[in-house]
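This report describes how two chains are arranged and joined in one structure.

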Amino acid sequence: MPADPLDALRLPTVPIEPRSEFADGLLRQMQSVDAPPRRTTPTIRYFVTDLDEAVQFYQQQLGFELELQPNPVFAMLYRGDLRLLLSVPGAHQGGHTLSDGSVPAPGGWNRILIQVENLDATLEALHRAGVHFLDEQPSGVTVRQVLLADPSGNPIELFEPARGYHERTR
Amino acid sequence: MTTVQVRYIVNDVDAAIEFYTRHLGFTEVMHPSPNFAMLNRGDLRLVLSQPGGQTVGGGSALVDGRVPQPGGWNRFAVEVPDLPDKVAQLRAAGVTLRSDIIPGVGGNQVLVEDPSGNPIELFQPLRSEARLSS
């Protein structure tokens, strides 16, 4: 069989050892329980006192979709990549009462952030719908933001990027 | 692009950065001022705000004067492959656990507290449909 004339043009294959730092780093990353999985669904749990009212609120006012509501104390909703779990606290199964008897409650200040295109228009629509605001005067550094409350009093932050807003893209 | 953001109120941003990066696999995106930082973990972005002092931003007081505080029960969840192992690691590291391992329908969970007392739910799914990752 005649030699392939292209062989003269091919570069020789030279085996190389992978850099040990690279290999070690990769191994550490693969073995680490802390390494975030390649693809995750960011998941938030909020406690609510009235599940039906909350589900309706998140669907109608904030564009969430109901994924499942298998019982009267739990619902799962999605909004884009965000998964929101709603739990009714209490002594029942799924009520998240701790072994020391402490019962979760709605409220607090930790919250999800929802980016909107036009904050003023969104505010107007939410006002018309009678939504309760914790802080309705837009403020912020590189965003304009407001804080509203769901029917159980859980905070939700709406923001619209402003001058200087930085978003890392990948 | 990271699309899901959560804001936690913390009393000490530096201590919080240390906690979330060391124990829960977050990476620091920015820490442009002493009272604010932004961290990422996979598709979740966590912004940390320290209350008081400023008049704008996530830690600022409301118009009615109320000042945000850490704590409460609302939280984000982090999936772990081996909950008992992770709990043992965190206990050894001196991290505060608000609960023991709680058996659930879709999986087992435990509530961990950051240095300011904010809860984080560690979750090990027992059913494939309850998994947070793919």
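Eight strands form an open sheet of mixed pairing, ordered β6(A)-β7(A)-β8(A)-β5(A)-β1(B)-β4(B)-β3(B)-β2(B). Strands here are DSSP runs of E with at least two residues, helices are runs of H or I with at least four, and both are numbered from the N terminus. Two strands count as paired if DSSP finds at least two bridges between them. The edges are β6 of chain A and β2 (27–33) of chain B, each of which pairs on one side only. Direction ignored, neighbouring strands of the sheet are turned by 25 degrees against each other on average.

This is a predicted model, in which local features need pLDDT of at least 70, side-chain atom pairs count only at pLDDT 80 or more, and totals for chains, interfaces and linings use all residues. Residues are numbered from 1 along each chain as its sequence is written, while chains are lettered from A and ligands numbered from 1 in the order in which they are written.

| Strand of chain A | Strand of chain B | Sense and bridges | One bridge pair |
|---|---|---|---|
| β5(A) | β1 (residues 4–9) | antiparallel, three bridges | A:R111 and B:R7 |
| β1(A) | β5 (residues 75–79) | antiparallel, three bridges | A:T43 and B:A77 |

The contact takes 41 residues from chain A and 42 residues from chain B, two residues being in contact if their C-beta atoms, placed from the backbone, lie within 7 Å. On the side of chain A that touches chain B, β1 (43–47), β5 (111–115) and β6 (132–139) each supply at least two residues. The largest share, five residues, comes from β1(A).

Chain A has three helices and eight strands, running α-β-α-β-β-β-β-α-β-β-β from the N terminus on. Of its 170 residues, 29% are buried, that is, 20 or more other C-beta atoms lie within 10 Å of their own, with C-beta atoms placed from the backbone. Among the contacts in chain A with a separation of 6 or more, 42% join residues 24 or more positions apart.

The pLDDT, the predictor's confidence in each residue from 0 to 100, averages 86 in chain A, and 82% of the residues score at least 70. Confidence in chain A is lowest in helix α1 (residues 20–31), at a mean of 70, and highest in helix α2 (residues 51–62), at 97.

Notes
Axes are lines fitted to C-alpha atoms, for helices over the stretch in contact, and angles run from 0 to 180 degrees between N-to-C directions. A residue is buried if 20 or more other C-beta atoms lie within 10 Å of its own, exposed if 12 or fewer, and partly exposed in between; C-beta atoms are placed from the backbone.
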